[in-house]
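Let's take a walk through this model together. Please keep the sequence and the 3D view open as you read.

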Amino acid sequence: MKISMNWISRYAPITVSPAEYESRMIMCGTGVEGVEYLGAECENVVVGRVLTCRDHENSDHLHVCTVDVGAAEPLQIVCGAPNVKEGILVPVALVGAKLPGGHEIKKGKLRGVESCGMLCSGPEIGVPVELYPSVGDAGLLVFNEEYALGTDVRTIFGLDDYVADFEILANRPDCLCAWGIARETSAALDTPLTLPEISVKYAGGNIRDHVSVRVDDYSRCPRYASRVIKNVRVAPSPMWLRQVLHAAGMRSINNIVDITNFVMLETGHPMHAFDLDKVRGRQIIVRTAHEGETLRTLDGKDHQLQPTDLLICDAEGPTGLAGIMGGEESEITDATTEVMFECATFDRAMIRVSARRMGIRTESSGRYERGVSEKTIMKALDRACQLINELDAGDVVEGNYDYYEKLEAPKPITCSVRRIATRTGVNITADEMVEALNKLCFENVSVDGDVLTVTAPDYRQDIEGEADICEEVLRMAGYDRIPSTRLRGESTQGGMNPWMARKERLRKLLSGFGYDEMMTYSFVSKKSIAALGLDESDPRMQPLMLRNPLGEDTSCMRTTLAPDMMRILAGNYNQGNAVAMLYEFGTLFDATRRTAEGLVTESPALCVGAYGSGIDFYTVRGVAEAICAYEGVDVKVVAGGDPYYHPGRCARLMHGDTCIAALGQIHPDRAAALDLPEQTVLAEIDMTALYAAAQPMGQVSPISRMQAVSRDIALVLPESQQLGPVMDTIRAAAGPMLEDVKLFDIFRGLQVGPGLKSCAFSLTFRSADKTLTEDDLAPVMKKVLKQTGDSYGAVIRG
Amino acid sequence: MSIKENIEAIRAELEAELEKAENGKLVEELRQKVLGRKGTLTALRRMLGGLSAEERPAMGQLINEGCEKIGALLDARLEKLQALEREQKLKSETIDVTEPRELPRVGVPHPTTLALQEVVSALTGLGFDIVEGPEIELDHFNFELLNIPKNHPARDAQDTFYVDDNIVLRTHTSPVQARTMLSRKPPIRIACPGRVYRADEVDATHSPVFHQIEGLVIDKDVTMGDLKGTLDALFKKLYGDDVETRFRPSFSPFTEPSAEVDLTCISCRGKGCRMCKGTGWIEVLGCGMVNPKVLEMCGIDPHEYSGFAFGIGLERITMLRYGIKDMRLLYEGDERFLRQFR
């Protein structure tokens, strides 16, 4: 919200520099986004009189003028404006002047004639026609009044002023106006506050003879007030009014409309002016819309109304959306003779819902959404009438309409001085509290022992209790007085929760394996899930959809981390990164299983993905198995997996009947579709299952000091025989003396025979209490051979 | 020529020949030539039989001494040759120690995780318990219990993703605070990290998904000074003892009084630079004293207890800490970006 500092100063003098003002206001709780000098683009422009004006000898439209700018010598200036002539008083940009758009005036020659400056139009010095009525673009701005030659024109247009851009907090709608800012300024700078005394001169008559008003719904329109102006004299507004509007970024229209806008900027109350001759039946009805009713708003759009929308109607039907946008018919024109000023409050939630549904946002709806006080309505309405008097823009008819169901009486708030001081941690005395509250115009401030009693001013709707009073007191005392103290009281242990601690453990492990952590959004597109080719009945195919997603790509909550991992790997490959080794922790959302509260089931998951030289199925299986081993979970590798994996190169790590991880090389078709290298591998780890099976580290076993003995065997097996089960059989047959068994070679070739492979295993045996001999091992090795022979047809390679 | 002269001659000849022997085999041949069965010195020993019984012991001793001396000469030469050989072998094994090789690959946590780890370690050190909660929440916990009723304009500031009328993607981790207050008795000292969601279009400083960590302390006579003290301790731990915090009045429905907190610019240490736009301060978080209405709604007596809460945007802290200009980098998973962290 932009407000002129000169204007604020009329109510509360700003006695410090703009920069100091900005910081003082910020520290007292009023945000300032910046302060801007209005005349920055109108520098070195003065009032001058055209003394002589002759045609330029080398041009059919240029003139050569001599101009008196109050200096010893007149200036020679070449001017091309059609309206230049002897005797006129115009703005003159001197050599060195700075104008809008970074334009700088230099001494120069125009078709051979020296020119020392520029005679200016309004737009050339940033003065729109509504700020100073003149010919606009069509020619020079010609002053209508006399000004001393050499006067800086900024003083004439009100540009010698700073505009502060205030950022008002959501709980302080009362500050969305000049009076509100003036009140905060007075409190922050400790300067006196002088708001206008309001008094209205009436010209007799009775409002009831001019218009009738009815309010049907007080829950949506808690208060509605109006006054009537007769003998309206529509005219341009005076300069001071135009300047205030200009500084606030508003256009001057005419005196009546300008008064409503000015009062809104001054008091924060949106106002509306109706041309009473155009109000059919001279009747205003405030009611909710009927089912099926439609309305065309001022912007020419048709709206389908709902019974929750509030309308301003005349005798024949709706003319405007209450608090949002008026109707075209009752607009003020030069022909207007009678005006009704409306000042009302509307339910903020209702305004918000209606305005949003219809996609309209106006200055008025914005203010109503943030909250407008019921209690200060009449003040605003009377202020508008006072301005009618002052501008002689019409005659105020006696009487008013003021409809409301009930107005809450101001409630005194009682607080504890001790509690306030304790809460802030600042040693604020009761006297200081009283002083602070008085500065902020709180009423009936009194202290009795520990009890502080106070009534909030009628415009402060945000003050509800002690905590609010505490904030008021503290911001006046200064937030910089808050000390830095240590937490006291009962000590708490503090620490990570189990899931965070688990993720930390896995991060260390994965870092050690060379994997980097990545993060992606929790949203995916339905398309990317569909691309996985899962069965329709799979819960992953029924993700939770958002009602208002940013787009299709982010329309549902992810049920699997695989699509994001593949997308990121593809992105890396596309960027030419030779290796990518990544992992992500993410929450999976299962909309098919709801909690007791009705929320979707959320479960933590880990996805590992990689491509690059030397990376294959076994790399990622190793990572997943190592994670299981690290958490003490026994798993078996079982071939098979989801359709986005290579059917012959995927597996699950099973702990009993529970799947802990699904992993494999991604399907070549997926790899091709995503432009990924063929050897791209993934592992998806179900963290809930993993940690349900996890065994904490127990007691260590003693280590044997006896010699280890090893035996190698080569078994010839059918090519199709999986070696995992063979290893399991060897382990079981070798019994407790077996310390370790390793596969160290697979040989295929003529010597072995077609369709066969020779697999060499190295078995290491050790006993706790003796050195093993051939006598100990021979029966064990015999058993190993027999059992592998029986189970798999394994033959020892001779 | 006496035996003595003979020994001397043999020794001198051997010495000369040893000088020329360039490997162990030649030295062994010389050993045979002098000390072997048919060796020159062995031949002298045979001559002892022709000497008188008086001369024999002295001469015998001379020969023995000669044998020893010559043996030592041979051994010394052999050892020297072996040392040379070892030296040469080592020399031949020299490698180019500057030859480029692939480094062992060390993985790194995500930068946001690194920032989270720092904050968590500082807060757990101050006695905070880490608590997590659901990312998809009931409107009741995300808004209503936090004093943000339906159609309240404060909801505008946090454009919300809705699942239905009652379920939202949480817009902050505060619902975890509400849940904790409802389930635990004071004293409460918790920090709630996690993912939060706002319907913001993606750009350099906005993301529809980001991370927060919020702190909550509820106890008897907790003051705003304790809040400042806690944040001071946190930021000094994160950024060094010379940083300070500055509180400015602000608004949040959840807290009263509320404050916006500025931190000494960690880039210029308060001198003023581009990052802090010359002010020496950077805005880092919002905080305040928990609104008594919130305490009451969560079943805590506001007359007996007070508390404070603060919320930190982890991406903001991460971006400040590492000088990251574009938030999108955090979510693109590009190895060239990720692998810069440690």
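## Strands of chain B

Strand β1 (residues 129–130) of chain B and β4(B) form a parallel pair with two bridges; strands pair if DSSP finds at least two bridges between them. Across this pairing, B:Ile130 stands opposite B:Ala191 in β4(B). With strand β5 (residues 209–219) of chain B, β4(B) pairs in the antiparallel sense over ten bridges, and the partner of B:Ile188 in β5(B) is B:Ile218. Strand β4 (residues 188–197) of chain B is mostly covered, with nine of its ten residues buried. Here a residue is buried if 20 or more other C-beta atoms lie within 10 Å of its own, exposed if 12 or fewer, and partly exposed in between, with C-beta atoms placed from the backbone.

A few words on conventions. This is a predicted model, in which local features need pLDDT of at least 70 and side-chain atom pairs count only at pLDDT 80 or more, while totals for chains, interfaces and linings use all residues. Residues are numbered from 1 along each chain as its sequence is written, and chains are lettered from A and ligands numbered from 1 in the order in which they are written. Helices (H or I, at least four residues) and strands (E, at least two) are DSSP runs, numbered from the N terminus.

## Domains and sheets of chain A

The domain assignment of chain A includes domain 4 (412–480), domain 5 (498–693) and domain 6 (709–796); such bounds come from an automatic or database assignment. The C-alpha centres of domain 4 of chain A and domain 5 of chain A are 56 Å apart.

One open sheet of chain A has seven strands in the order β26-β29-β30-β34-β33-β32-β31, with mixed pairing. Its edge strands are β26 (516–517) and β31 (636–639) of chain A, each pairing on one side only.

Another open sheet of chain A has four strands, ordered β36-β37-β35-β38, with antiparallel pairing. At its edges stand β36 (738–747) and β38 (795–796) of chain A, each with a single partner strand, so one side of each lacks a neighbour in the sheet. Helix α19 (residues 723–734) of chain A packs on this sheet, touching β35 (709–718), β36 and β37 of chain A, and its direction makes about 145° with that of β36(A). Helix α20 (residues 774–792) of chain A also packs there, touching β35, β37 and β38 of chain A, at about 15° to the direction of β35(A). Contact requires C-beta atoms, placed from the backbone, within 7 Å; axes are lines fitted to C-alpha atoms, for helices over the stretch in contact, and angles run from 0 to 180 degrees between N-to-C directions.

| Strands | Bridges | Partner residues |
|---|---|---|
| β29(A) and β30(A) | twelve bridges | A:Met581 and A:Ala610 |
| β36(A) and β37(A) | eight bridges | A:Ile746 and A:Cys759 |

## A buried helix

What follows helix α6(A)? Just after α6(A), A:Gly268 takes a positive phi of about 85°. In α6(A), 13 of the 13 residues are buried, so the helix is largely enclosed by the rest of the structure.

## Where the chains meet

The contact takes 70 residues from chain B and 74 residues from chain A. Helix α8 (residues 224–239) of chain B gives the largest share of the chain B side, seven residues.

Technical notes. Contact = placed C-beta atoms within 7 Å.
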